[in-house]
Amino acid sequence: MSTTTRSRRSRSHRNASAMKMVGALLALYREAAGHTQRSLGEIFVVGEQQIASIEQGRRPLKPDLAQQLDELLETKGALSTALSRMPEVDLVPLWAEEFLDREQEALVISSYENQVLPGLLQTEAYAEAVFRSRVPVYDENRVAQLVAARIERQVILHRKEPPITSFVVWEPVLRAPIGGEGVWEEQLQHLRECSELPGLMLQALPLGRATHAGLNGPFVLLETPEHQRLAYTENQRGSQLIADPDEVAILAQKCAMLRSQALTPEDTRDLLDRLLGEQ
């Protein structure tokens with residue numbers, strides 16, 4: 001078994017153990033209060049399936065929901081306390097890990113990027129260059145693990161029934177030779193090939209546009225099999241998975257505007273062809 005596989009499984013095992021403990025507590029307190037998973041899901045407008053997933057340790061319990069559950073079930077803060085005392089290795093990656101889990105099952109994925117290319121469209125060499133650009137630097141093993149995990153995510157684009165995916169990328173990202181000229185040319189060719197995949201729409205947002213709906217940074221929108229809409233954002237020091245309908249709606253509006261400001265998929269392919277022809 002490779003170091004990457006062992007590391008991923010070890011981390012997932014640790015996360016699963018702590019999440020199952022919190023989920024078991026929720027199930028215990030829910031039953032003691034006379035609630036079913038359905039009734040609890042209806043109260044908090046999250047659905048029976050989400051409550052079941054939390055209790056089974058397949059989905060993390062978020063701090064705000066834990067606080068609300070403590071109040072309803074009169075647990076004197078037990079769930080919030082258990083959540084806050086989870087080992088640091090479990091707390092830190094929960095947002096990103098849940099996003100990656102949701103990405104794998106999503107029906108629709110919409111992404112806007114203005115810094116680097118979307119992870120689902122990166123070549124191995126480009127992804128390696130991105131991770132090697134990090135400050136402070138990653139060691140060789142960490143870079144290899146991250147690159148392998150990123151490439152592994154891309155299998156969803158090649159499924160028999162892939163999700164509907166939409167990517168809007170600011171033109172400077174397409175022109176930035178991350179990793180050097182050879183890596184950049186390979187990446188452009190890969191983008192050109194991806195632009196022809198079924199259900200995938202790639203649009204470039206031209207540098208010359210006088211209006212730009214995405215100046216606040218990149219984001220990803222997901223629609224789950226339960227038709228729940230989620231958003232994911234990252235910044236210099238962390239990431240956030242957003243479930244609040246009002247906040248998700250704002251980003252959905254930005255996404256719609258960005259698509260209207262961007263080139264059509266056909267014109268984007270022409271741009272990629274021109275960039276490749278300049279090599």
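Is the crossing of H11 and H13 left-handed or right-handed? The points below build up to that.

1. A word on the basis: this is a predicted model, in which local features need pLDDT of at least 70 and side-chain atom pairs count only at pLDDT 80 or more, while totals for chains, interfaces and linings use all residues. Residues are numbered from 1 along each chain as its sequence is written, and side-chain values use heavy atoms, with hydrogens and water left out.

2. For an overview, the protein has 13 helices and six strands (DSSP runs, H or I of at least four residues for helices and E of at least two for strands, numbered from the N terminus). Along the principal axes, its C-alpha atoms fill a box of roughly 70 × 40 × 35 Å.

3. As for burial, 44% of the 279 residues count as buried (under 20% relative accessible area, with a 1.4 Å probe and protein chains only).

4. Now to the helix pair: the axes of H11 (residues 181–194) and H13 (residues 265–277) come within 10 Å and cross at roughly 155° (axes are lines fitted to C-alpha atoms over the stretch in contact, and angles run from 0 to 180 degrees between N-to-C directions). That makes H11 roughly antiparallel to H13, a label for angles over 145 degrees.

5. Here is the reply to the opening question: the crossing of H11 and H13 is left-handed, meaning that the near helix is turned anticlockwise from the far one by less than a right angle.

6. Who touches whom? H11 contributes Glu185, Leu188, Gln189, Leu191 and Arg192 to the contact, and H13 contributes Arg269, Leu272, Asp273, Leu275 and Leu276 (contact means heavy atoms within 4.5 Å).

Methods. Parallel < 35°, antiparallel > 145°, perpendicular 65-115°, else oblique. Buried < 20%, exposed > 50% of the residue type's maximum accessible area, 1.4 Å probe, protein only.
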